[in-house]
Structure formats: C-alpha cells, structure tokens
Amino acid sequence: MTLTVAKADTTWVGSINCSYGSGSLKLSIDDAGGVSGGMTNGQITSGRLSGKSIRFDYANSFGNGGTFTGSVNGSAMSGTYTQRAGTAETCKWQVSRQASTPSRDVASSDYCGLTLGKTLTSCVGSGEKCSCVTFRNNCPYPVSVFARLSGVKGSGRISTNVKGGKTDKLCATINASQQVEYLGWKPWSGYPKKGQPRPKG
C-alpha cells in the first residue's frame, strides 16, 4: 500500500480488543503519513504510516499509554498493542477505511470541463503528417479551445469552438520537430448561466 490509499482526511474506524474489555478506535492519516485520532479513554500522541507498516503511540487521562503496531491491507488495518503499565497482555486492534462524502465544492455535478486525448494521424485528403489534440466538451454550453504549434516562429496559436457535449479536435500539419500542444479552454461569453455547472480544468 502507498499513501495514495491512506490519503489526507481519510477516516479509519474500528475497535480495540483485550481479555479485560474492548473499545473504539478512530484514525486519520495525512499525505505525509502522519497519524492522529483517538480511542476509548485515550488520544494518539504521535504516529507514522510507512509503506504497509503503521505505528502510533497513545496516552490517556490516567497517565498510562502504549504503542500500536500493525499493517495495511487494502481498505483495512490491523495489529497489536501493549500498555506501558498494568497488564502485560498484548491486545489486538482493527480498523477499516470509511467512504468519504464529497463536499459541495467538489461534487462532480457542480463542475464540468474537457476530456482530452491526443492523436497523430494523416491529414484528411493528403499524405501530410498532422498532430491533433482531441477533446470532448463535457459542459452543457459552448467553449473555445486553444492550442499552439511548437517549433514555429510567433505564438503558433490555434483555436476552435465546440458546442456543449460535442467531441472535436485541433489539428495542424507538422514536421518531425513539431507538435500541437494543448493550452486551455474557456466558456463563451455569457456562460455558464444560472444553474449550469462551473468550468474547471
């Protein structure tokens, strides 16, 4: 497992189990591998996820604490822990990753953009070699798409307009050292209208 699985703001929830009782356990892991959270009668004071291995320490209000160690297997983690004082028993713990709920700021229905591709083909009706940027406009309104032809004097800028929901491409004849490079896109003036998704990407 890599940190892309245990990404920032991901919550992992489960339990701790010993012969003398059980309790809850909740973890959060950030992009740097830092571990935070708590369990019944305790808080995590430090921790680190490294590859498939995880280790974190905790302390409670009774002046006791201990160390958790374990490993990651997909969307689950498990391992053992011991307390610094009291029982010498080695106890078990396990958690599973909780599904995140997208916020309104990142909900897919709130935004739209282009799906890009790239092809190298022959110009229609000739034997010349062309470089093309292909794309689909996933917005419900018209947009302008911009590209440039590398290796030419001046800006080499080219553009086209495409209606909402349509697929199109920008092409130019090239030589061996040239390529069409995608620059970006923007909605037509007056778009998006009220209730339409905002442009992104």
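Which residue is the bridge partner of Asn17 in E8? Select Asn17 and look across to Lys92, its bridge partner in that strand. The tour returns to this pair after a look at the whole chain.

**The whole chain**

Start with everything shown. This is a predicted model. The protein chain contains 16 strands and 0 helices. Of its 201 residues, 34% are buried. The chain exposes about 11,700 Å², with carbon and sulfur atoms supplying 49% of that area. Among contacts with a separation of 6 or more, 45% are between residues 24 or more positions apart.

**Colour by confidence**

Next, colour the model by pLDDT. The average for the protein chain is 78, and 79% of the residues score at least 70. Confidence is highest in E8, at a mean of 91, and lowest in strand E10 (residues 114–122), at 68. Then select residues 1–8, where pLDDT stays under 50 and the model has 22 contacts beyond four places in sequence. Select residues 101–108 as well: pLDDT is below 50 here too, and the stretch has 4 contacts beyond near neighbours in sequence. Where pLDDT is low, the predicted coordinates should not be read in detail.

**The barrel**

Now select E1 to E8. These 8 strands close into a barrel in the order E1-E2-E3-E4-E5-E6-E7-E8, with antiparallel pairing. From one strand to the next, the twist averages 25°.

Go back to Asn17 and Lys92. They lie where strand E1 (residues 10–18) runs antiparallel to strand E8 (residues 91–97), the two being joined by 6 bridges. On another pairing of E8, strand E7 (residues 76–83) is its antiparallel partner over 6 bridges. To see one of the residue pairs there, select Gly79, whose bridge partner in E8 is Trp93.

Move on to strand E2 (residues 21–29) and strand E3 (residues 35–39), which run antiparallel and are joined by 5 bridges. Lys26 has Gly38 as its bridge partner in E3.

**The larger core**

Which residues touch the most other members of the largest nonpolar core? Select Leu25, Leu27, Ile54, Phe56, Phe68, Met77 and Trp93; the core has 20 residues. Two or more residues come from each of E1, E2, E3, strand E4 (42–50), strand E5 (53–59), strand E6 (65–73), E7 and E8. In soluble globular proteins, nonpolar side chains tend to be buried together.

Setting aside neighbours within four places in sequence, its contacts include Trp12, Val13, Ile16, Met39 and Val95. Phe56, Phe68 and Trp93 are also among them, and these three are in the group that touches the most other core members.

A second, separate core has 16 residues, including Tyr141, Ala147, Ala172 and Trp185. Select Ala147 and find Tyr182, its bridge partner in E15. Strand E12 (residues 143–149) pairs with E15 in the antiparallel sense over 7 bridges.

The order E13-E12-E15 describes an open sheet of 3 strands with antiparallel pairing. Why is one side of strand E13 (157–162) and of strand E15 (180–187) left without a neighbour in the sheet? Both stand at the edges and each has a single partner strand, so there is no neighbour on one side. Ignoring direction, neighbouring strands of this sheet are turned by 20° against each other on average.

Conventions: Residues are numbered from 1 along each chain as its sequence is written. This is a predicted model: local features need pLDDT of at least 70, side-chain atom pairs count only at pLDDT 80 or more; totals for chains, interfaces and linings use all residues. Side-chain values use heavy atoms; hydrogens and water are left out. Two strands pair if DSSP finds at least two bridges between them. Helices (H or I, at least four residues) and strands (E, at least two) are DSSP runs, numbered from the N terminus. Axes are lines fitted to C-alpha atoms, for helices over the stretch in contact, and angles run from 0 to 180 degrees between N-to-C directions. A nonpolar core is a set of buried Ala, Val, Leu, Ile, Met, Phe, Trp, Tyr and Cys residues joined through side-chain atoms within 4.5 Å. Buried means under 20% relative accessible area, exposed over 50%, partly exposed in between (1.4 Å probe, protein chains only). Contact means heavy atoms within 4.5 Å. Accessible areas come from the Shrake-Rupley method with a 1.4 Å probe; for residues, only the protein chains shown count as cover. pLDDT is the predictor's confidence in each residue, from 0 to 100.
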